[in-house]
Amino acid sequence: MVDVGVGVDTVELSLARRVAAVREQVGEAALAAGRRPDDVTVVAVSKTMTRAAVDEAFALGLRCFGENRVQEARDKFAEPLPPGGSIHLIGQLQSNKARPACRLFDCIESVDRLSLVETLAQEARKADRRMPVLIQVNVAGETQKAGCAPDEAMALAQQVVGTDTLRLDGLMTIAPLVADMEETRPIFRALRELRDRLQDRLDGYDLPVLSMGMSNDFAVAITEGATHVRIGRAIFGER
Ligand SMILES: *Cc1c(COP(=O)(O)O)cnc(C)c1O
């Protein structure tokens, strides 16, 4: 196994080697949990990286990219990705950026408040599309972090499901930064259990997506059911 953990000078490794290492670790974690490696989508977090880096990653087989700022993403993807490529918004979205967001992104992972749902639903209608979204949940209750409180998720989910221009695919969370990634396990498990409860109560509505796990904790997230891992530094090197 190629080690790309914290402390290794990842900047020295080529993109190809880092991508190979991430794939190997994703595959190992999936198999260890009795899951298929293909069931986990790597969202390559390309924030602060150039379009050239994105194109290089695409050539290595990565297809899904994550950006946290609308304007940066508009500039970077003014030239659309080749067919098969997709872009996820993973950063906080201000309502006044909802219009471009509904035109650029294939999924908005950071829906965290009722007022934003309203605006997104309107903009998705104007863009003449059904917009896939995730609800971002602040599971650990960290004051600095975005995301709704776990006990607000049901109301948000019902509001999204009640629109006909947004499609609720699942949940997203960011775990606290900890020294030992095992400590993140309760956070990821709690997101999965919250998803299960929402799915039960939204009778018949499928919520397949759990976007959880980043460079330093994706292996644990995968064993807890992550379908999407958002990986920046382990792929592109330190920002
Ligand atoms: C930056 C970012 C990531 C990727 O973090 P890395 O530590 O670089 O893997 C994932 N998710 C969100 C929401 C981010 O902002």
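Mentor: A polar side-chain atom of R239 lies 2.7 Å from an oxygen atom of the ligand. This value, like those that follow, is computed from a predicted model. R233 also takes part: an N or O atom in the side chain of R233 is 2.7 Å from an oxygen atom of the ligand. For S215, the distance between a polar side-chain atom and a ligand oxygen atom is 2.5 Å. Each pair counts as a polar contact because the cut-off for two N or O atoms is 3.5 Å. As for the cover that the protein provides, the ligand taken alone exposes 390 Å², and 92% of that area is buried by the protein.

The wider shell can be described next. R239, R233 and S215 are among the residues around the ligand. The shell also includes R230, I231 and G232, as well as M214. By class, the shell residues comprise five nonpolar, two polar and four charged. With regard to location, the ligand takes up the space of the second largest pocket.

One may then turn to the chain beside this shell. T48 is not a glycine, yet its phi is positive, at about 70°. With a relative accessible area of 54%, T48 is exposed, because the term applies over 50%.

A second residue with a positive phi is D128, for which the angle is about 60° although D128 is not a glycine. D128 is placed in the loop between helix 5 (114–126) and strand 5 (131–136). The relative accessible area of D128 is 71%, so this residue is exposed.

To return to the part requested, the side chains of S215, R233 and R239 each place a polar atom at the stated distance from a ligand oxygen atom, and the protein buries 92% of the area that the ligand exposes when taken alone.

Definitions and conventions. Residues are numbered from 1 along each chain as its sequence is written. This is a predicted model: local features need pLDDT of at least 70, side-chain atom pairs count only at pLDDT 80 or more; totals for chains, interfaces and linings use all residues. Side-chain values use heavy atoms; hydrogens and water are left out. Buried means under 20% relative accessible area, exposed over 50%, partly exposed in between (1.4 Å probe, protein chains only). Helices (H or I, at least four residues) and strands (E, at least two) are DSSP runs, numbered from the N terminus. A residue is near a molecule or strand if one of its heavy atoms lies within 4 Å of it. A polar contact is a pair of N or O atoms within 3.5 Å; within protein, one must be able to donate a hydrogen and the other to accept it, and residues adjacent in sequence count only if both atoms are side-chain atoms. Accessible areas come from the Shrake-Rupley method with a 1.4 Å probe; for residues, only the protein chains shown count as cover. On a 1 Å grid over the protein atoms alone, a cavity is a set of points where a 1.4 Å probe fits but cannot get out, and a pocket is an open set with protein on both sides within 12 Å along at least five of seven lines; lining residues have an atom within 4 Å of a point. A molecule sits in a cavity or pocket if more than half of its atoms lie within 2 Å of its grid points. Ala, Val, Leu, Ile, Met, Phe, Trp, Tyr, Cys and Pro count as nonpolar, Asp, Glu, Lys and Arg as charged, and the others, Gly among them, as polar.
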